[in-house]
Amino acid sequence: MSSSSIRITAALSTEHRGRLMEMAKDVKFPEGARVFEEGRLADRFWIIRSGTVTLDIRVPGRRPAVIENLGFGELVGWSWLFPPYVWQLGAEAMTPVRAQEFDAVPVRMLMDADPAFGSAIGQWVGRVLAHRLHSARVRLLDLYAPYGSGLTP
């Protein structure tokens with residue numbers, strides 16, 4: 001699965017994308033800013049308009065391992081959708097970032113109220129999650145397995 005197939009423009013219909021975007025707030029992150037920290041409350045998410053966000057994971061006794069770089073149209077954060085709503089990764093702005101920010105509670109409420117919208121968002125986030133888990137596996141194998149993953153991301 002390519003990252004382009006999980007960008008919001010490819011993943012959601014115009015109708016569902018429009019409903020979601022009605023809830024967006026424009027935000028900016030300076031280069032080097034931590035967007036969120038692994039283990040903290042996941043109460044929002046973002047879609048990148050410009051710039052690059054790096055996802056990382058804590059590795060005991062080492063610096064956080066970079067899992068993936070995200071860019072235009074990509075979802076930053078999926079933990080907001082699944083209880084206990086705690087970030088499973090960390091994220092940092094690698095360049096100045098402009099993004100659309102969404103408060104998770106109203107989005108989840110709309111998903112509950114409109115099953116078609118909820119299904120579309122759930123499937124999109126599920127595809128993102130599957131992609132991120134694969135990226136994390138490949139990256140960690142490349143970093144820590146004796147012969148790497150043998151896979152290309």
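User: Is R34 buried, exposed or in between?

Analyst: R34 is partly exposed, since its relative accessible area is 30%. Buried means under 20% relative accessible area, exposed means over 50%, and partly exposed is what lies in between, using a 1.4 Å probe and protein chains only.

User: Where do these numbers come from?

Analyst: This is a predicted model, in which local features need pLDDT of at least 70 and side-chain atom pairs count only at pLDDT 80 or more, while totals for chains, interfaces and linings use all residues. Residues are numbered from 1 along each chain as its sequence is written, and side-chain values use heavy atoms, with hydrogens and water left out.

User: OK. Which residue does R34 form a salt bridge with?

Analyst: Its partner is E37, and the closest N and O atoms of the two are 2.8 Å apart. A salt bridge here is a side-chain nitrogen of Lys or Arg within 4 Å of a carboxyl oxygen of Asp or Glu. E37 is partly exposed too, at 28% relative accessibility.

User: Why would such side chains pair at all?

Analyst: Side chains of opposite charge can pair when their charged atoms come close.

User: How many salt bridges are there in the whole structure?

Analyst: A search of the whole structure finds 10. One of them joins the side chains of D26 and R49, at 3.3 Å from N to O. That pair links distant parts of the chain: D26 is in strand β1 (residues 25-29), R49 is in strand β3, and 23 residues separate them. Strands are DSSP runs of E, at least two residues long, and helices are runs of H or I, at least four long, both numbered from the N terminus.

User: Now a helix. What does R132 pair with?

Analyst: R132 forms a salt bridge with E68, with 3.4 Å between the closest N and O atoms. This pair also links distant parts of the chain, as R132 is in helix α4 (residues 115-144) and E68 is in strand β5 (residues 65-70), 64 residues apart.

User: Are R132 and E68 buried or exposed?

Analyst: R132 is buried, because its relative accessible area is 3%. E68 has a relative accessible area of 10%, so E68 is buried as well. Elsewhere, salt bridges that share partners join K25, D43, R44 and E101 into one network.

User: What does D43 touch?

Analyst: Leaving out residues up to four places away in sequence, D43 touches W87, F102, D103 and A104. A contact means heavy atoms within 4.5 Å. D43 and W87 are 44 residues apart along the chain, and their C-alpha atoms are separated by 9.1 Å.

User: Which side chain makes a polar contact with that of D43?

Analyst: That of R44, at 3.0 Å. A polar contact is a pair of N or O atoms within 3.5 Å; within protein, one must be able to donate a hydrogen and the other to accept it, and residues adjacent in sequence count only if both atoms are side-chain atoms.

User: How many residues of β8 are buried?

Analyst: Strand β8 (residues 97-103) has 5 of its 7 residues buried, which leaves the strand mostly covered.

User: Last one: how many helices and strands does the chain have?

Analyst: The chain has 4 helices and 8 strands. From the N terminus on, the order is α-α-β-β-β-β-β-β-β-β-α-α. Of the 153 residues of the chain, 44% count as buried.
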